[in-house]
Amino acid sequence: MLTNKGKYGLKAMVHLAGMPAGQPALVADIAATNAIPKKFLDAILGELRTAGFVHSKKGRGGGYVLARPAGEIMVGSIIRSLDGQLAPIGCASRAFYRRCEDCEAPCPVQRVMAEVRDAIAAVLDARSLTQLRQLAEADSEPMLQDG
């Protein structure tokens, strides 16, 4: 399940994807625009910087910018860096496998959850930050009325 950290991280990355190339965004602006607690966003952006998704600039004219073009950053990678596994349970995860203590693997639950993991990964790993930004822009366009 997507945590608030993952959701806020995606919102911040979509915000940065909407900035003109090379123009940094201030944490306070990202937080206010996206209704994200600023202290929490500071920590999230720190993790995203460590993972290589963003660069930070200090001082006047500083802020955060994407480390790579938005079209090269996949949503699944962002979520994994912030939340860990995409699988609904640990024993179905590829990258963050945890053995269940109450059953012998593989079991029917693990098999179904592995299918769920694969479906989630197929969607998230096929969506770039550019595509998410396009969805955000489409959502903000005024609706035309027939008349």
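Author: Happy to, and one definition comes first: a crossing is left-handed if the near helix is turned anticlockwise from the far one by less than a right angle, and right-handed if clockwise. Helices are DSSP runs (H or I, at least four residues), and strands are runs of E (at least two), numbered from the N terminus. This is a predicted model, where local features need pLDDT of at least 70, side-chain atom pairs count only at pLDDT 80 or more, and totals for chains, interfaces and linings use all residues. Residues are numbered from 1 along each chain as its sequence is written, and side-chain values use heavy atoms, leaving out hydrogens and water.

Now to the pair itself. α1 passes α2 in a right-handed crossing. The axes of α1 (residues 4-17) and α2 (residues 27-34) come within 10 Å and cross at roughly 115°; axes are lines fitted to C-alpha atoms, for helices over the stretch in contact, with angles from 0 to 180 degrees between N-to-C directions. The two helices are therefore roughly perpendicular (65 to 115 degrees).

On the α1 side, Lys 11, Ala 12, His 15 and Leu 16 meet Asp 29, Ile 30, Thr 33 and Asn 34 of α2, contact meaning heavy atoms within 4.5 Å.

Leu 16 also leads us onward, as one of the contacts of Leu 66 beyond its neighbours within four places in sequence. Others among them are Met 13, Ala 17, Phe 53 and Leu 129.

Technical notes
Angles under 35 degrees count as roughly parallel, over 145 as roughly antiparallel, 65 to 115 as roughly perpendicular and the rest as oblique.
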